[in-house]
Amino acid sequence: MVRYLLRRFGLILVTLFFASVIIFLISEIIPGDVAQVILGQNATPDTLAALRERLGLMNPPQVRFLKWIGGVLTGHLGESLSMQGVQISDLIVHRGLNSLFLATASTIVLVPVSLILGVIAGLNAEKWADSVISTLSLIAISLPEFISGTFLMLVFSVWLGWLPAASSIDPEKSLFSQIHMLILPIVTVSLVLLGYVARMVRASVIEASRSPYARTAVLKGLPPILVTGRHILRNALLPAVTIIAMNIGWLFGGIIIVESVFGFPGLGSLVLFAIQQRDLPLIEDVVLMMAGAYLVLNLLADIVYAALNPRIRY
Amino acid sequence: MGTMNTVPDAECRDEEESKFRRLLGAAGRSLAGFAEGTRRISASHAALISLIILLFWLLMALVGGLIAPYDPNHQNIMERFQSPSLHHLCGTDRFGRDVFSRIVIGSHTVFLLAASSTLLSLVVGSLVGLVSGYVGGVLDELIMRFTDILMSFPMLLFAMLMLGIMGPSFIGVVVVIAIVFFPRIARVVRSVVLELKTKEFVEAAKVRGEGGLYIMIVEIFPNTLGPLGVEAAVRFGYAIFTSASLGFLGLGVQPPTPDWGMMMSDAQAYVTTAPWMAIFPALAIASLTVSVNFLADAIRKLGDGDL
């Protein structure tokens, strides 16, 4: 296990290195004149020169790359270009914690709900409960987050008026005390994965109930509830954990979209803001941080899976 | 010796002919399979409705210009934020543009974007998968590690970075989606190739003296069409999903071209005052993505023999 973890961790570092190279290539090498890209076509030579000075663009690319990576490793990310006097590292920590809260809350919602729905559908395969759950979960998978978010907003904020349409979070208070603003974003983030996991759980419950060991259990006269509990569910839930672990990354894309639908102050809306403002240093740092968080999240999911599965020994 | 000279010629011609016949046979079989598949998909209600919705939007995409009652970009300050009526079936937006016309014309962009990005990723993915699986060895290892790295990057973030820096454009969206999708297609194709490359018919072709390119394209590739078809249907759905999301983030096709995703982000600020601006494009996107997914599901079940 320790060797496996070390190997995986090494792999993450390698991937992160490649990610940083890709980010640097896309943002500073491919566009050509970085200062021109940031300031646009109407920039005067003076402002261009000033920006080049400020970003150290006269240095060769490899020096700029190493400076950037050095800054990231030591935590000196510098100031944002578009927001005067704002430290990028403060911004990332603050927004990152908000996004983490959103992601965690969504996972807490989606795991039990999708397991229960999947099990109900699987045990009642081809009956009405299954048809309803299967159809709804396929619809949930199909809807882009900005569509399901808008529908939820229209129903629960505009029409019923139960929940706020925008997450105007007060940074002075804890997120828990403002949870009513987070309900719609949390549900929206969860929907796609919820549908997906429910379908997968259904499939593995059906597979387990058709297996030879389930039939043996029935034939030896075990009461149905024991067959279901001991033989079918225990074997069916493990693949479900794998599915959740493998797709936890989907939350990332979802969170980016949902944050901009509801105006939630997280990393996703930050990266979009940075792109709109052409705030290059901020773009590079946030994207690298998100790539790193994504990789670590996937590793954690794998560890949980390994811990739950006695058949896996590294 | 004279006969020896003619025989290889004849054989050669025979061979050319049989190659042609084999290709024709493969095409005929896939056509018959397609017809049978269509019949069976139509037998399932959900899939039939989905097919009708998909064909409806396809028709809109093709002849929308004839159906749209207004110029989708015609601005009319006197008719801003009109609620749905007989004049404006889906209301008007903040510039007084007809939402219905914009949806109808916008369907063209949706299909063009999703189809071209799916096609590009299929072509690149199949090529990479064929070569990687057939050649094997170090090349295979390198290609697989490269696709691993591509796949371990959150895809929407990658797309946002590319389009945000280089400036959003139609070609940009197509290329970015293809970059994100092709590794998965390459894996599907590669796994079929690995399974087949030790089979007798491939060995036989090698003994006949066929080149690698011929074997890959004529002997192996037709066998990947089944899994590839399922993958293509799923990818087409994701392509609509992803391009609409990029449009929503303002990183898709740029104004004045009407784009469903962009219409949704324009509508965000007016959700309470002019909800029709959001409702109708949302229904359009939802109907299309849901029906494509139901069809992809039906095609997958068809492949598994469940339908």
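Axes here are lines fitted to C-alpha atoms, for helices over the stretch in contact, and angles run from 0 to 180 degrees between N-to-C directions. This is a predicted model, in which local features need pLDDT of at least 70 and side-chain atom pairs count only at pLDDT 80 or more, while totals for chains, interfaces and linings use all residues. Residues are numbered from 1 along each chain as its sequence is written, and chains are lettered from A and ligands numbered from 1 in the order in which they are written.

**Stop 1: α4 and α6 of chain B**

Select residues 137-151 of chain B, helix α4, and residues 170-196 of chain B, helix α6. Their axes cross at roughly 140° and come within 9 Å. α4(B) is therefore oblique to α6(B); angles under 35 degrees count as roughly parallel, over 145 as roughly antiparallel, 65 to 115 as roughly perpendicular and the rest as oblique. Show side chains for Thr147(B), Leu150(B) and Met151(B) on α4(B), then for Pro183(B), Ala186(B) and Arg187(B) on α6(B), the residues that make the contact. Two residues are in contact if their C-beta atoms, placed from the backbone, lie within 7 Å. By class, this contact of α4(B) with α6(B) has four nonpolar, one polar and one charged residues. Ala, Val, Leu, Ile, Met, Phe, Trp, Tyr, Cys and Pro count as nonpolar, Asp, Glu, Lys and Arg as charged, and the others, Gly among them, as polar.

**Stop 2: α3 and α8 of chain B**

Next select helix α3 (residues 99-135) of chain B together with α8(B); the two pack at about 145°, with axes 8 Å apart. On α3(B), the contacting residues include Val110(B), Leu113(B), Ser117(B), Leu122(B) and Tyr134(B). On α8(B), look for Gly212(B), Phe221(B), Leu228(B), Arg235(B) and Ser243(B), which are among those facing them in the contact list. The contact of α3(B) with α8(B) has 14 nonpolar, six polar and one charged residues.

**Stop 3: where chain B touches chain A**

Bring both chains into view: 33 residues of chain B are in contact with 38 residues of chain A. On the chain B side, the elements giving two or more residues are α5 (155-166), α8 (212-248) and α10 (276-304). Which element gives the most to this side of chain B? α10(B) does, with 10 residues. By class, this side divides into 26 nonpolar, six polar and one charged.

**Stop 4: the core**

The largest nonpolar core has 157 residues. Such a core is a set of buried Ala, Val, Leu, Ile, Met, Phe, Trp, Tyr and Cys residues joined through C-beta atoms within 7 Å. A residue is buried if 20 or more other C-beta atoms, placed from the backbone, lie within 10 Å of its own. Those with the most contacts inside the core include Val197(A), Val271(A), Leu157(B) and Met160(B). Helix α8 (residues 179-209) of chain A gives the most to this core, with 17 residues. Centre on Met160(B): leaving aside neighbours within four places in sequence, Met160(B) is in contact with Val271(A), Ile275(A), Leu249(B) and Leu251(B).

**Stop 5: whole chains**

Colour by secondary structure. Chain B has 10 helices and zero strands, and chain A has 13 helices and zero strands. Helices (H or I, at least four residues) and strands (E, at least two) are DSSP runs, numbered from the N terminus. Buried residues make up 42% of the 307 residues in chain B and 38% of the 314 residues of chain A. Along its principal axes, the C-alpha trace of chain A spans about 85 × 55 × 35 Å.

Key: Buried ≥ 20, exposed ≤ 12 C-beta atoms within 10 Å, placed from the backbone.
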